[in-house]
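Open the structure in your viewer and keep the selection panel at hand. We will go stop by stop.

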Amino acid sequence: MENVQLAVIGGGPAGMAAALRAVECGVKDVVILERAETLGGILEQCIHTGFGLHYFGEELSGPEYAARFIELVEKTDITVKTDTMVTDISPDRVVTAVNKKDGLIKLKAGAVVLAMGCRERPRGALEIAGTRPAGIMTAGTAQRYVNIDGKMPGKNVVILGSGDIGLIMARRMTLEGARVKVVCELMPYSGGLNRNIVQCLNDFNIPLRLSTTVVETHGKERLEGVTIAQVDEKLRPIDSTREYIPCDTLMLSVGLIPENELTKSVGVPLDRVTNGAVVDEMRQTEMPGVFACGNVLHVHDLVDYVTLEAQLAGEGAAKFILNGEAAACYVASQPGNGVRYIVPQRVNVLHEGDVKLYFRVGRVFKNARVVLEIDGETVSSKKKVKVAPGEMEDVVIPADRLARMTENSVVTVRVEE
Amino acid sequence: MKKQMTCIACPLGCQLTVEYEGTEVLSVTGNTCKRGDAYARTEIVNPTRSLTSTVRVKGGVHPVVPVKTAGPIPKDKMFEAMRYLNTVAVKAPVSLGQVIVEDLLGTGVNVVATNTD
């Protein structure tokens, strides 16, 4: 068994930024283990632009955003093992992995950063009635076919789910000559960014039907059509609104699930709402020395925030490796009215510096205020024209306020209408 | 005339109101930055979009390499541009930023590779 100071699981934007920051903080011996043939993660197939506005101040495509970090990684002594599948991480941080070159690898890591990303919710999770023909796939799978493999998965497309990947694929398929007949969204609002509804749907006159879902698929070998229906306020399909739409392709963009099988194998407790680990302000899980960042921790809307979060994890891991476990006194950050979850879920009151709390709301609020309250005192109250579940929001606990907190402090974030 | 639109300059998606007569923009409101103002004005006079797609690669790792227009092109040229790009093939190796097509359809805008292959 080999020893390494830091093992980073996953070489996407989160893994690369965490590894790079750890090196900057003085860690010498870092290895990135990546399942795919190259670094970059899902960015490699996201060829549209819109990445990097916050972090780089310019609009980049996914591969361009990834390339900036890949270049930086190549300039360091970070060991990168691609085509390498991590199969297990033990509670004492022994990482087991396999690849074709080294065979079985066992690494004893001083600290571990979990950066495995997320996967798409599959068809099986949706319980759509009907046959099981070819032509039904997640939007991300279709994106890979078109953008990496250069193949078109179909000609007449229905998309279920209006998350950003679904919207982006509606435009991409249309530009490549397919006809996107409709995008159906179960909820009364879209899960995607407004700009994507404008430039991916409205620009091409693709209808978006809210409160509508696919209730049945038809066809034997290949998909021949789907039946869609409106849903009532309890999201139950209304039979009288059933409508048959001929199509050969159904793309699903119905949510992302953090890929936490390895997190569970380490024994790290998960948050029931985010489906990711419970972490503190440096993204350390409840197991000292194990950190998590990026979409494996909670699904982000912008990669720029993934990078920032991963840098915290990298810095936290470096401190753990170089200085040992820090003294801690944890307080939970509590989601109040309208708030679904907060990351980090707990804050070390002994931490020095500001702490940013990221959160998502449960529904759309207009002309609302986002309130951070500590021990009954309003620390900040920010006016927001609109907050929506599709977009991550944040509030900051200023360093001086954090310094006055104790183990009995109560931190709440809520939305007031 | 008044027109409502959603700004696409950044993920914020501000709701803009544009007052205009013909192709003369009188006022833009609702924007939170300069980019929003500029977006609203071009959207009335000459709507433009950046285009991203792929072109064929011969002898590369992957069958296609991603590309983008180095700047925005007229919105009504998007499909013509796509038809043209689907006839283009480049030889590997391709480097990031390499010019794939010069002066796309006379727009003065180049098409560049956004990845290596």
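This is a predicted model: local features need pLDDT of at least 70, side-chain atom pairs count only at pLDDT 80 or more; totals for chains, interfaces and linings use all residues.

**Stop 1: the domains of chain A**

Colour chain A by its domain assignment. Domain 1 comes in two segments, 1-120 and 255-324. Domain 2 covers 122-254, and domain 3 covers 327-417.

**Stop 2: domain 1 against domain 3**

Select domain 1 and domain 3 of chain A. Their centres, taken over C-alpha atoms, are 25 Å apart. Domain 1 of chain A puts 21 residues into the contact, and domain 3 of chain A puts in 16.

Now show the surface here. About 1500 Å² is buried between domain 1 and domain 3 of chain A. Carbon and sulfur atoms account for 54% of that area.

What holds for polar pairs between domain 1 and domain 3 of chain A? There are 10 residue pairs in polar contact, counting those with both residues at pLDDT 80 or more. Salt bridges across this interface number zero. Colour the domain 1 side that touches domain 3 by residue class: nine residues are nonpolar, five polar and seven charged.

**Stop 3: chain B on its own**

Switch to chain B. Its assignment gives domain 1 at 2-45 and domain 2 at 52-113. The centres of these two domains of chain B, over C-alpha atoms, lie 29 Å apart.

**Stop 4: where chain A meets chain B**

Show both chains together. The contact takes 28 residues from chain A and 28 from chain B. Between them, chain A and chain B bury about 2400 Å². Of this area, 58% is on carbon and sulfur atoms.

How many salt bridges link chain A and chain B? The count is three. Zoom in on one pair: the side chains of A:E64 and B:K68 form a salt bridge, at 3.1 Å from N to O. Polar contacts also cross between chain A and chain B, with 10 residue pairs in which both residues have pLDDT 80 or more.

**Stop 5: the helices on the chain A side**

Next, select α2 (62-74), α3 (139-147), α4 (164-175) and α5 (194-201) of chain A. Each supplies at least two residues to the side of chain A that touches chain B. Which element gives the most to this side? It is α5(A), with four residues.

Finish by colouring this side by class. The residues of chain A that touch chain B comprise 11 nonpolar, eight polar and nine charged.

Definitions and conventions. Residues are numbered from 1 along each chain as its sequence is written. Chains are lettered from A and ligands numbered from 1 in the order in which they are written. Side-chain values use heavy atoms; hydrogens and water are left out. Domain bounds come from an automatic or database domain assignment. Contact means heavy atoms within 4.5 Å. Buried area is the accessible area (1.4 Å probe) that two parts lose on being put together, summed over both. A salt bridge is a side-chain nitrogen of Lys or Arg within 4 Å of a carboxyl oxygen of Asp or Glu. A polar contact is a pair of N or O atoms within 3.5 Å; within protein, one must be able to donate a hydrogen and the other to accept it, and residues adjacent in sequence count only if both atoms are side-chain atoms. Ala, Val, Leu, Ile, Met, Phe, Trp, Tyr, Cys and Pro count as nonpolar, Asp, Glu, Lys and Arg as charged, and the others, Gly among them, as polar.
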